[in-house]
Amino acid sequence: MNLVWSVLPDFLVGLKNTIILCVVSFPLALLFGLLFALMAGSRILWLRGPARIFIEVVRGTPIVAQIFIVYYGLGALLVNTHNSFLAQLITSWSAGILTLALNYTAYEAEVYRAGFSSIDKGQTEAALSLGFSPLQSFFRVLLPQAIPVLIPPFVNDFIYMLKDSAVVSIIAGTELTAVLMFWVRRNASDPLPFYLIAIVLYLILSLPIAYVARYFERRVRAAL
Amino acid sequence: MVYELNRRTFIKRAGQAGALVFAGGALDALLAACGGNISTPSTGKTQGTVTVQSKGLMLPGVLQWGATSDDGAPYVYKDPSTGKLIGFELEIANALAALMGITQKQIETDYAQLEQALQTNSFDMIMNGWEITPDRQKVELFSQPYYRNGQQIVVRANDPRFSKYTANDDLSLLNLQGLTVGTGAGYQAEDILASDPKIKLRTYDPDLPFNDLALGRIDAVLIDYSTVTYYVLGYGAGATVNKSLKIIGKPFEYSDYVVAFNKSSSSAKTLQNEINQAITILKNNGTLQNIYKKWGLWNSVQSQIGVK
């Protein structure tokens, strides 16, 4: 038990870093996901094509491979520019955030697409016939109705991201799983307490999020 | 190493790795047990004369040792040109098995899982640059040392901060204070670096930190000298001299490589004795010295552990 208290500060630093990674990456994924969803639903081939290719490539490849490509591939390319700013751009932090954000952009784009297609086409048609511009009809009619449908999958994906952020440990990041593995290696004869600490900390993160999300979902539904 | 995972929690990952190690070990033992009609990929010697007994083995006639060949140079790794396993520890395993008149077989296990795999009797022993730690002493028995290894500082060759140092200077952890220093996960250097709060430690797994050092993302690497012989100095098949890096200072913080056995296994003591006898012979008849010279590992401190 003494051991647990002595390593807890270390684990809390890891927890903090996991939170930072996700809190920065997820809004980026939501923003770019919306952009890609609109592009993928566009009638213009030059918007639709690249967006579909991006979504399928990212969804179809492992996040472990993606993080290596960003950290070592993109990182090495930038170092070779011999520009001191570019060369130091890719750190385990920026590579982690970039990879998580891009990976989840693809998933969130699909969530948006499913959400929008669940709203009756008549809604948009009615808005257009009432003289709304396409942009207005999207932001004032379609999006507000889609949000309650979108919240549950978003929360689900955010909880996935909390756990997926563990991949940052393989590029020498210092999030929760990296801290866990550090202590497991030093106490390999009895690693279980450390796994338990990490499990509890991950749960402490994800359970309240699921709860709060359910609360807001009810509120938003009631407001409509 | 787990490459093909996407949406999985680390819990699943840990569970799967554990299960894989366990299942892999069981399957291997099963395959080896039916060795009559299934060819096992053991790189071994033919049955020869018995100088040392091998009564402590789980499987008579096969010395099974756990190690990681992935990124395992120069300990045990696949020769990039032939795909065959090579490495100085593979040569030691061959020499040990030859003395016992048996064959040897390396059981591939992720470095971080070696201890758990030993506890589940997936193989007879660990031989993988393994060192004695207080934690390992709780559950493992150890052989006498077969190699004395120091920690080596590696920096970029063109880094002006280190231009005044040569490989013959006496440097220590103090010279790394204030710097960001990388090492491999589970290496002795990880513990050594973590003990100094003035050093910013970065731990790499499964990769080694040499890429990031060359790219300028870290200031220095502290790692086993034996790893440096391959990745920086270019000893061993497939190795090239890394011109962008250089070693500074003599190795320090020496510790010994030993063979580890499962303390809770009934035959561990017997095998420990037999391996100790075999290592003594290899130290005295020049076999170990020849292996170390071939791999660029030979230095004067080896005489301190009795290698002649």
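# Notebook: a two-chain predicted model

**Entry 1. Chain A, overall.** I began with chain A, which has 9 helices and 0 strands. I note at the outset that the model is predicted. Read from the N terminus, the elements of chain A are α-α-α-α-α-α-α-α-α. I looked up the extent of the chain along its principal axes: the C-alpha atoms of chain A fill a box of roughly 70 × 50 × 30 Å. Of the 224 residues in chain A, 35% are buried. I also looked up how far apart in sequence the contacting residues lie. Among the contacts in chain A between residues at least 6 apart, 74% join residues at least 24 apart.

**Entry 2. Helices α1 and α2 of chain A.** I then turned to one helix pair. Helix α1 of chain A covers residues 2–40 and helix α2 of chain A covers residues 45–59. Their axes come within 7 Å and cross at roughly 125 degrees. α1(A) and α2(A) are therefore oblique to each other. I recorded the crossing of α1(A) and α2(A) as left-handed.

Which residues meet in this pair? From α1(A) I listed A:Phe36, A:Met39 and A:Ala40. From α2(A) I listed A:Leu47, A:Arg48, A:Ala51, A:Arg52, A:Phe54 and A:Ile55. By class, the residues of this contact of α1(A) with α2(A) are 7 nonpolar, no polar and 2 charged.

**Entry 3. A:Leu86.** Is A:Leu86 buried, exposed or partly exposed? A:Leu86 has 13 C-beta neighbours inside 10 Å and therefore counts as partly exposed; the buried class would require 20 or more. Leaving aside neighbours within four places in sequence, I found A:Leu86 in contact with A:Leu78 and A:Thr81.

**Entry 4. Where chain A touches chain B.** I counted the residues on each side as 25 from chain A and 29 from chain B. On the side of chain A, at least two residues each come from α3 (63–79), α7 (134–164), α8 (176–186) and α9 (192–223). Which helix gives the most to this side of chain A? It is α3(A), with 6 residues. Sorted by class, the side of chain A that touches chain B has 16 nonpolar, 5 polar and 4 charged residues.

**Entry 5. Chain B, overall.** For chain B I recorded a secondary structure of 9 helices and 12 strands. Chain B has 308 residues, of which 46% count as buried. For contacts in chain B with a separation of 6 or more, 73% are between residues 24 or more positions apart.

**Entry 6. The sheet with β4 and β1 of chain B.** I traced an open sheet of 5 strands in chain B, in the order β4-β1-β5-β12-β6, with mixed pairing. Its edge strands are β4 and β6 (140–142) of chain B, each of which pairs on one side only. Helix α8 (residues 268–284) of chain B packs on this sheet and touches β5 (125–126), β6 and β12 (260–262) of chain B. The direction of α8 makes about 160 degrees with that of β12(B).

Strand β1 (residues 62–67) of chain B pairs with β4(B) in the parallel sense over 6 bridges. B:Gln64 stands opposite B:Lys105 in β4(B), and B:Ala67 has B:Glu108 in β4(B) as its bridge partner. Why is strand β4 (residues 103–108) of chain B largely enclosed by the rest of the structure? The reason is that 5 of its 6 residues are buried. Helix α2 (residues 88–100) of chain B lies across β1 and β4 of chain B, at about 145 degrees to β4(B).

**Entry 7. The sheet with β7 and β11 of chain B.** I traced another open sheet of 5 strands in chain B, with the order β9-β8-β10-β7-β11 and mixed pairing. At the edges stand β9 (200–204) and β11 (245–257) of chain B; each has a single partner strand, so one side of each is left without a neighbour in the sheet. From one strand to the next, the twist averages 25 degrees. I followed β11(B) to its partner, strand β7 (residues 147–156) of chain B: the two run antiparallel and are joined by 8 bridges. In this pair, B:Tyr147 stands opposite B:Tyr257 in β11(B).

Definitions and conventions:
Residues numbered from 1 in each chain as written. Chains lettered and ligands numbered in written order. Predicted model: local features only at pLDDT ≥ 70, side-chain atom pairs only at ≥ 80, totals over all residues. Axes fitted to C-alpha atoms, helices over the stretch in contact; angles between N-to-C directions. Helix = DSSP H or I, 4+ residues; strand = E, 2+ residues; numbered from the N terminus. Parallel < 35°, antiparallel > 145°, perpendicular 65-115°, else oblique. Left-handed = near helix turned anticlockwise from the far one by under 90°. Contact = placed C-beta atoms within 7 Å. Nonpolar A, V, L, I, M, F, W, Y, C, P; charged D, E, K, R; others polar. Buried ≥ 20, exposed ≤ 12 C-beta atoms within 10 Å, placed from the backbone. Pairing = 2+ DSSP bridges.
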